[in-house]
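Please read the following walk through a single protein chain with the model open beside the text.

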Amino acid sequence: MPEGPEIRREADQIQDALGESAITEIFFKFDHLKPAEKILKGSKLLFVQTVGKGFILHFDCGYSIYGHNQLYGKWMFAPNIPESGRELRLKLKSNGKYALLYSASEIQFLPTEEVPEIPFVKNNSGLDVLNARPSIEETLHYISQKKFQNKSLSALLLDQKFVLGMGNYLRSEVLFLAKIHPDKTIGELSAQKKKALAKYINLVMIQAYEHKGVTNDLARAEKMKNRKFFFEDYRFWAFNRENAPCYICQTSIKRIEKNARRLYFCSKCQRK
Ligand SMILES: [Zn+2]
């Protein structure tokens, strides 16, 4: 399942494909969205906002398209419509290029000012690292709020009211880099650990976005790539590395279940 950085990269691709030119072709699969075709034709895409794992296309006609891909949705970008076994749900063309959305079940069309009222947007009110680019001090200030102090970090890091777009692999990587045991709460952390947490929430999200999901040390990842390691084997510090030696202390990385999702950590680097 894609996490925030993957969704943000997809949003960049939508922006690149449609550019700043007028929409010349538009198609909605769902009947109730058909009236939107007329409204959007000839308008221009202003920008693509991401809200965690959802995306919102804002147009200069004052309307927006909201979509959530869940598990199946997929965007494709091409000068022609490719053959696909998937069902086309949304087609936009401008600039001679198509942005095509397949299989997504949730698509809404609405006036831009109503976007904050979408239940998904309301429920995903966490810190938006990728769009807002907070400083470490700002993130530290944010995570120091009383409401975040008593929940275990393994649960808190998956909560979209805490940090937007944080998902399962990012959770393991942030905790590993900050050297924090997954059962700890923010309230239990020393000032130094709290700062490390803020630092790696920012850093890991942004690195994953800028380096196609690679959260590992970039020099190490590059070396492993050159030695023909698979992408999934060189991209992480801890995630997906059960029983492999920790890159810092050589202790075997452990895999546990937390909040029904797998979590990887080093019991020596991340002491309870
Ligand atoms: Zn270790």
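Gly-67 has Ile-107 in strand S8 as its bridge partner, and strand S4 pairs with strand S8 (residues 106-111) in the antiparallel sense over 6 bridges. Two strands are taken to pair if DSSP finds at least two bridges between them, while helices (H or I, at least four residues) and strands (E, at least two) are DSSP runs numbered from the N terminus. The model is a predicted one, in which local features need pLDDT of at least 70 and side-chain atom pairs count only at pLDDT 80 or more, whereas totals for chains, interfaces and linings use all residues. Residue numbers start from 1 along each chain as its sequence is written.

Gly-67 in S4 is also the bridge partner of Phe-55, and strand S3 (residues 54-59) pairs with S4 in the antiparallel sense over 5 bridges. The two strands S3 and S4 form a hairpin with 3 residues between them, and Gly-62 in the turn has a positive phi of about 90 degrees. Strand S4 (residues 63-68) is mostly covered, with 5 of its 6 residues buried; a residue is called buried if 20 or more other C-beta atoms lie within 10 Å of its own, exposed if 12 or fewer, and partly exposed in between, with C-beta atoms placed from the backbone.

An open sheet of 4 strands has the order S1-S6-S7-S5, with antiparallel pairing. Strand S1 (25-28) and strand S5 (74-78) stand at its edges with a single partner strand each, so one side of each is left without a neighbour in the sheet. From one strand to the next the twist averages 15 degrees. Strand S6 (residues 88-94) and strand S7 (residues 97-102) run antiparallel and are joined by 6 bridges, and Ser-94 stands opposite Lys-97 in S7. Helix H1 (residues 4-18) lies across S5, S6 and S7, running at about 30 degrees to S5, where axes are lines fitted to C-alpha atoms (for helices over the stretch in contact) and angles run from 0 to 180 degrees between N-to-C directions.

Helix H7 (residues 168-178) is mostly covered, since 10 of its 11 residues are buried. The buried residues of H7, among them Arg-171, Glu-173 and Phe-176, pack against helix H6 (153-156), H8 and S10. Lys-179, which follows H7, has a positive phi near 55 degrees.

Is Phe-265 buried or exposed? Phe-265 lies in strand S10 (residues 261-265), and it counts as buried because it has 24 C-beta neighbours inside 10 Å. Not counting residues up to four places away in sequence, Phe-265 touches Ser-172, Leu-175, Phe-176, Pro-182, Ala-238, Lys-254 and Gln-270, a contact being two residues whose C-beta atoms, placed from the backbone, lie within 7 Å. Cys-246 is 19 residues from Phe-265 along the chain, and their C-alpha atoms are separated by 8.7 Å.

Leaving aside its neighbours within four places in sequence, Val-204 is in contact with Leu-170, Glu-173, Val-174, Leu-177 and Thr-215.

The division of the chain into domain 1 (4-123) and domain 2 (129-265) uses bounds that come from an automatic or database domain assignment. The C-alpha centres of the two domains lie 30 Å apart, and the contact takes 11 residues from domain 1 and 11 residues from domain 2. On the side of domain 1 that touches domain 2, the elements giving two or more residues are H1 and strand S2 (45-51), and H1 supplies the largest share, 6 residues.

For the protein chain as a whole, the secondary structure comes to 10 helices and 10 strands. Its radius of gyration, taken over C-alpha atoms, is 20 Å, close to the 19 Å that the globule rule gives for 272 residues, so the chain is as compact as a globular protein of that length; the rule is 2.2 Å times the number of residues to the power 0.38. Of the 272 residues, 37% count as buried.
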